[in-house]
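Hi everyone, thanks for coming. I'd like to walk you through one model today, a few elements at a time, so please have a look at it first.

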Amino acid sequence: MKALVLMAGRGLGGDAVVTLNVIRALEERGVQCELALDENSPGVLFKKKGYTWHKIKIPQAGGHAATKLSAMKAAFKMLTATFKVRRLIKKLDVDFIVGVIGGGAIVGSVGAKLSNTPAASVICTPLDSKVCSKFNPCFALPETSLFRQDVLPDNIQKTYFPINADVNDGNAEIAFKKLKEEPLFDENKKTILFSSGSSIFKGTIDAANKFAEYANGEYNLLLIGLPLKDDYLDGLHRDIIYLGYVDWLKDLYAFLDLAVLTDDGLMVEESVACELPTVALTRVKWGRYHNMAGIFEGAVIESELDESNEKIMEALNNLDSLKEASKKYSSNLVHSKEILADKILEAVKK
């Protein structure tokens, strides 16, 4: 079988990880995958992993931060984009389409309908949930409100983010050796990670700075990612170890005592899969709220920014119970990639 997988965005952050893992899981099942990205996407993650792609126009409405105006503008661009996708589908002669999140899901869904090709959509935003579910089977990620509904339409199923099965096979010793190169690192202190994914949002820095002032050097405080704006790091607290973009994250997961993350899903899911105590900061990314603590009950502590110090201390005082609670989710999470691929294949064969 042959599939075309479509994704909007830069090909760097969480959407790219989801797409890459869908492709890998399908390939493991004998499916030949063709990838299509937006013509302006640098495709950093895919390039690093040795993948090439077709360049087409895949408009974005802004995901969870979409407004009526941005959605309308994207809709007009979608009309042209879907016909281009239809031509690509015919050219590649694929058996089915997988559209991943936002514009990738919508363009894939409509393009597949126009070409009379089976399709499946991995949905995450209000707009892709509304559009794609009208055309083909959909798989709703934890960030959607659909994930928290007890009853769903027949063509929508819930799915965890498809994370790497080896995410909890990290080597703490590798992380330890790398951290020892940092002058501020003290091996006798507990280590806390602050992250909002591949991009650093201002709220994450605010939380890290606030806790650094409160903790007064008692913990190793790490910050990873690339700032959305260059000046975000100008006021970084002197006690914070900034690591930039790391490609040894699973080793870091194995070493950490606590992760303070934004509540938008992928990293929270990886953290829980690694049985790592987690605090989820809400409304950091464009005011979004996803209730990850409600999905991973007992394994994640939720926090608004103004109460982050108190919630981080609560987590530090309950590390063992948070670890124990995460064990009931870990197995399903580490197999999420394979489970989703099997569901996609079952859906497109009907």
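**A walk through the model**

Let's begin with a helix pair: Asn 332, Leu 333 and Val 334 of helix H12 meet Ser 336, Glu 338 and Ile 339 of helix H13, where contact means heavy atoms within 4.5 Å. By class, the residues of this H12–H13 contact are 3 nonpolar, 2 polar and 1 charged. For that count, Ala, Val, Leu, Ile, Met, Phe, Trp, Tyr, Cys and Pro are nonpolar, Asp, Glu, Lys and Arg are charged, and the others, Gly among them, are polar.

Before going on, a word on where this comes from. The model is predicted, so local features need pLDDT of at least 70 and side-chain atom pairs count only at pLDDT 80 or more, while totals for chains, interfaces and linings use all residues. Residues are numbered from 1 along each chain as its sequence is written, and side-chain values use heavy atoms, with hydrogens and water left out. Helices (H or I, at least four residues) and strands (E, at least two) are DSSP runs, numbered from the N terminus.

Back to our pair. H12 covers residues 319-334 and H13 covers residues 336-348; they pack at an angle of about 50°, with axes 5 Å apart. Axes here are lines fitted to C-alpha atoms, for helices over the stretch in contact, and angles run from 0 to 180 degrees between N-to-C directions. H12 and H13 are therefore oblique to each other; under 35 degrees would be roughly parallel, over 145 roughly antiparallel, and 65 to 115 roughly perpendicular, with the rest oblique.

**The six-stranded sheet**

Now to a sheet. It is open, has 6 strands with parallel pairing, and its order reads E12-E10-E8-E13-E14-E15. Two strands pair if DSSP finds at least two bridges between them. At the edges sit E12 (240-244) and E15 (300-303), each pairing on one side only. On average, neighbouring strands here are turned by 25° against each other, direction ignored.

Let me zoom in on E10, residues 220-224, which is joined to the parallel strand E8 (residues 191-195) by 4 bridges. Ile 192 stands opposite Leu 221, and Leu 193 has Leu 222 as its bridge partner. Another 4 bridges join E10 to E12, also running parallel, and there Leu 221 is partnered by Ile 240.

How many residues of E10 are buried? The count is 5 of its 5, with buried meaning under 20% relative accessible area, exposed over 50%, and partly exposed in between (1.4 Å probe, protein chains only). Asn 220, Leu 222 and Ile 224 point one way, Leu 221 and Leu 223 the other.

**What lies against it**

Helix H7 (residues 202-215) lies across E8, E10, E12, E13 (258-262) and E14 (278-281), at about 155° to E8. Within H7 we find Thr 204, which counts as buried because its relative accessibility is 0%. Leaving aside residues up to four places away in sequence, Thr 204 touches Phe 194, Ser 195, Ser 196, Leu 223, Thr 262 and Val 284.

Then there is helix H6 (residues 172-179), whose buried residues are Ala 175, Phe 176 and Leu 179. Seen down the H6 axis they fall within an arc of 100°, so they line one face of the helix; the arc is that of the directions from the axis to the C-beta atoms. Their cover includes E10, E12 and helix H8 (249-255).
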